[in-house]
Amino acid sequence: MNSKKMKFVIGSLVIIVAVIVLAIQGMKEDTTMSYSKSVSEVKMLGSRAYAMTLKVNGDLKKGSIVRNNLDLDFVITEGNSELSIHYIGKDPIPDTFNNDMDAEVIVSGKLQQDGVFNAERIQAKCASKYEADYSSPEI
Amino acid sequence: MSYFAYLIGLSFLVWIVLPLFKKDSTWISLYMEAEELADKKQRVYGNIADLEFDFAMGRLSEEDFKIIRQSFLSEAGRVIEKLESQKSSKLMDRIKNDLEHLGKKKKKKKSKKRTAVFCTECGTENLTEAKFCMKCGKELS
Amino acid sequence: MADLGNILLFFLFPVSVFTALTALAAGITKRRGLLEAARRGAYAAFAVTTLAVLALEYLLVTSDFSIEYVASNTNFALPLFYKIVALWAGHNGSLLLWTWIVTIFSAIVAYQHRHKNNDLMPYVLFVMATTMVFFSILSVFISNPFQTLYQDFGNTLQEFTARDGHGLNPLLQHPAMVIHPPVLFIGYVGSVVPFAFAIAALITGKLGSGWIHTTRRWALTTWGFLAVGIILGGKWAYVELGWGGYWAWDPVENASLLPWLTSTAYLHSVMIQERKGMLKIWNMALVISTYLLAIFGTFLTRSGIVSSVHAFANSGLGPAFAVFLSMGIIFSLSLLIYRRKDLKPDEEMESLVSRESGFLFNNLLFLLATIAVLWGTMFPVISELFTGDQITVGPPWFNNIMIPIGLALLLLTGAGPLLAWRHTSVETLKRSFGWPTLGSIIFIAILFAFGIRDGWALGSFAISFFVMWTIVVEFVKGANIRKKNSGENFFLAMYMLSRKNTRRYGGYLIHAAMVVMFVGFTGNAFNTETRAEVGEGDSFQLGPYTFKALTIIDEQNDNYSSQTLEMEMYRDNRLIDTISPQKRFYFASEQPSTEVDIYSTIREDIYAVLSGMNNDGTKVIVQVYRNPFVSMVWIGAFIMGIGTLFAMLPNLRESKAGGE
């Protein structure tokens, strides 16, 4: 390998290493990584759950939404397991979020010691509902 | 309605199958080395145009400009010469074309060697691997 | 009509199989008849698919609710315009659209080359027809848009006709969403043309720049459509989703970005091949990856393998895509390996400070960006495979990597064109870079004095300034030189100059557009927001702005009912505008939808969302964002479109010698 090639190789390596460092550094910060779990899986994690940023999916419990000023509380379920959610995020909540709705919800945030889940973000799965079950109209 | 659809579909099928039954002929592949040369010519011309533009925009010194331009010009000259000699022997092309298919690999290696480096000092043709000009001894880039 | 559409769509399958086989046979035997048959196959595929699309459109427009697709995506009250575009509202329909675009492109390519490129064409048609076979299998057998509606009556399933349809997803009832999918699809599908020619070149061994010249316009068009499609998606997210931003590193967004990254890399690296005969394998690899990533993007959107806000849940298409993708990867990879000896470079790199070296590093950065985005997007799948835990990496991770890469690329945008091919001496380097660099440093100082402290933002503004400077200098200098030689006036000289090399100056225009967009992206560093609960007459602050709630209006029409908050917006006690965010409830789909109101200037957007009502129903909750420079993103996108069109114009030739 001649010295010209060497220069290119070294230059490229510097860039590649820099990007890898950025990638690994990003992975360490726990705010950027979240573990996807269902409600029952969260229950099974026990005390380990407090340290993790979680992304929990479950069904919205009908009629559980309570709004108080800017606060929002609700419950998501999966089978018999339930999880109380307290919304602490800043973004407006999704449109599908409504007490009368069947909605599958994904909340991101952290589980508190008191068993309440502090959600930074709420996503409601909506678009797929159009395609999925087709039950309402009749002849 | 559905008969109509089948009718349309089937008639398209018939239409696309028809050419298979016509009197047939084969085409002859274009001569590859000619294409390669035309490619090279294009490249050298593009390089010269770019070089002149870069120089006009003040991106390289006059010295560099003259040296590089000279090497491009001699390369262009050789490519054109080759192209000319091919045009004059179109019949040879046909034969070469057939030979090409027979001894493709040999030909490839030969044409590789032919791409040479030109000395920027005296214009002598040198092998690509050469580090110094064999006539005047200037370092080749 | 449904039968007609279904049967014609079905014919696409045998036609495309026939096309693929005859094309392959034509390539091997070089018989004209076979090639002609394959060509006709491409035309026929286009014809039957077009008729099928028309049939589906007829069903949509006439609201035939015995068809599942029509019933789940439209309703009677839906405006005609939205009924028409409901063709790509659901996934069966969008798949049909995809298929249709493939057949359109195949027919165009077959027609364009009906008298030329006989050696390459059989394999080109073969590759395109194979893609058609795959998509016809999907839309005929797996997700057929002509599926009739069934209902469970006791124990038996029976066909039935719904009284009214579910309606179009309210989120999709927006102009940007109407054109976003087709534009993006054209971008995705367009990548098949360069891919087909690349594969044909690999098979036939005609590896010169012939295939590159032939597909130059296709590659550029595809690239432009992808770019515009991605930005339209962002625009849609911004005005429709109501969270105040346009990009969230969502898997589906990433999926569209990936082929764009590789095709941008290709548009640059191809210049090295043209000038120096280097990077031949690399260019092939980029074209191949672009196509595979486009298929992968469709796969990601349609299979729901990584959950996303777009959430087109599992649809059974996953395995089919996985098989097709792996076949594509294996096939192209083995061809590349087979031809690796013929793809050796003709020349070598000469200097670290040269144009080609700039392109090389540009490509390295694009490659790393592609890998990073792919890695981040697939991380939930990768982590589940290795640790059993599905771990999602959020936007901060992407930003952490992509901001530095993006800025480095932006810097190259300015620096690269100033470098000469082959070698640039230190002397000329000083001459070209001195003033722009000094200018940017002064610019940073000024910004710093005005109180901007964010490091990345300062860096980004400085680089933007630098790049813009160099681009303007390129145009002005070039025009002056031409003016001197030709005696034209300055503006005519600039016009003639750019028309004589549309590719170069179109490229510069696109670079300038990127700068404008980067200024818009950088605005994100200064976003502020507030949330307030207001009743009539209440007011609140955001920065220098005061918002005063006037009234809350309830309205209703056939399609939806709505609630609107009317607010007056003051800046320094001066009334600027009224701003009225709205919340709608669509009857047919039983879905609420947020209609944001945006007061937009070049400087900043004021973005208001009505997020809901408090429990007793007397007050509403409103969220207001102040987003600086967002309009720059859209303006940049517009300039980018113009630049792309300009780059596609043929070069003007002058009869008189001695122009430049």
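Which residues in helix 1 of chain B meet helix 2 of chain C? In this predicted model, the chain B side consists of Gly9(B), Phe12(B), Trp15(B), Ile16(B) and Val17(B). Their partners in helix 2 of chain C are Ala37(C), Arg40(C), Gly41(C), Ala44(C), Ala47(C) and Val48(C). By class, this contact holds eight nonpolar residues, two polar residues and one charged residue.

The geometry of this pair was then examined.

Helix 6 (residues 121-142) packs with helix 8 (residues 192-204) of chain C at an angle of about 130 degrees. The axes of this pair are 8 Å apart. An angle from 65 to 115 degrees would count as roughly perpendicular, and one over 145 as roughly antiparallel. Helix 6 and helix 8 of chain C are therefore oblique to each other. Their crossing is right-handed. Helix 6 of chain C contributes Tyr123(C), Val124(C), Val127(C), Met128(C) and Thr131(C). Helix 8 of chain C contributes Val192(C), Phe195(C), Ala196(C), Phe197(C), Ile199(C), Ala200(C), Ile203(C) and Thr204(C). The contact of helix 6 with helix 8 of chain C divides into 11 nonpolar, two polar and no charged residues.

Helix 7 of chain C spans residues 175-190. At 1.5 Å a residue, its 16 residues should span 22 Å. The C-alpha atoms at its ends are 23 Å apart, which agrees. Of the 16 residues of helix 7 of chain C, 13 are buried, so this helix is largely enclosed by the rest of the structure.

Backbone angles were considered next. Most residues other than glycine have a negative phi. Lys30(C) is not a glycine, yet it has a positive phi of about 55 degrees. Lys30(C) sits in the loop between helix 1 and helix 2 of chain C. It has 17 C-beta neighbours inside 10 Å and so counts as partly exposed. Phe629(C), also not a glycine, has a positive phi of about 65 degrees. Phe629(C) lies in the loop between strand 13 (620-628) and helix 19 (630-648) of chain C. With 24 C-beta neighbours inside 10 Å, Phe629(C) counts as buried, since the cut-off for burial is 20 or more.

Chain A was described as a whole. Its secondary structure comprises three helices and seven strands. Along the sequence, these elements of chain A follow the pattern α-β-α-β-β-β-β-β-β-α. Chain A has 139 residues, of which 32% count as buried. Among contacts in chain A between residues at least 6 apart in sequence, 48% link residues at least 24 apart.

Definitions and conventions: Residues are numbered from 1 along each chain as its sequence is written. Chains are lettered from A and ligands numbered from 1 in the order in which they are written. This is a predicted model: local features need pLDDT of at least 70, side-chain atom pairs count only at pLDDT 80 or more; totals for chains, interfaces and linings use all residues. Two residues are in contact if their C-beta atoms, placed from the backbone, lie within 7 Å. Helices (H or I, at least four residues) and strands (E, at least two) are DSSP runs, numbered from the N terminus. Ala, Val, Leu, Ile, Met, Phe, Trp, Tyr, Cys and Pro count as nonpolar, Asp, Glu, Lys and Arg as charged, and the others, Gly among them, as polar. The expected span of a helix is 1.5 Å times one less than its number of residues. A residue is buried if 20 or more other C-beta atoms lie within 10 Å of its own, exposed if 12 or fewer, and partly exposed in between; C-beta atoms are placed from the backbone. Axes are lines fitted to C-alpha atoms, for helices over the stretch in contact, and angles run from 0 to 180 degrees between N-to-C directions. Angles under 35 degrees count as roughly parallel, over 145 as roughly antiparallel, 65 to 115 as roughly perpendicular and the rest as oblique. A crossing is left-handed if the near helix is turned anticlockwise from the far one by less than a right angle, and right-handed if clockwise.
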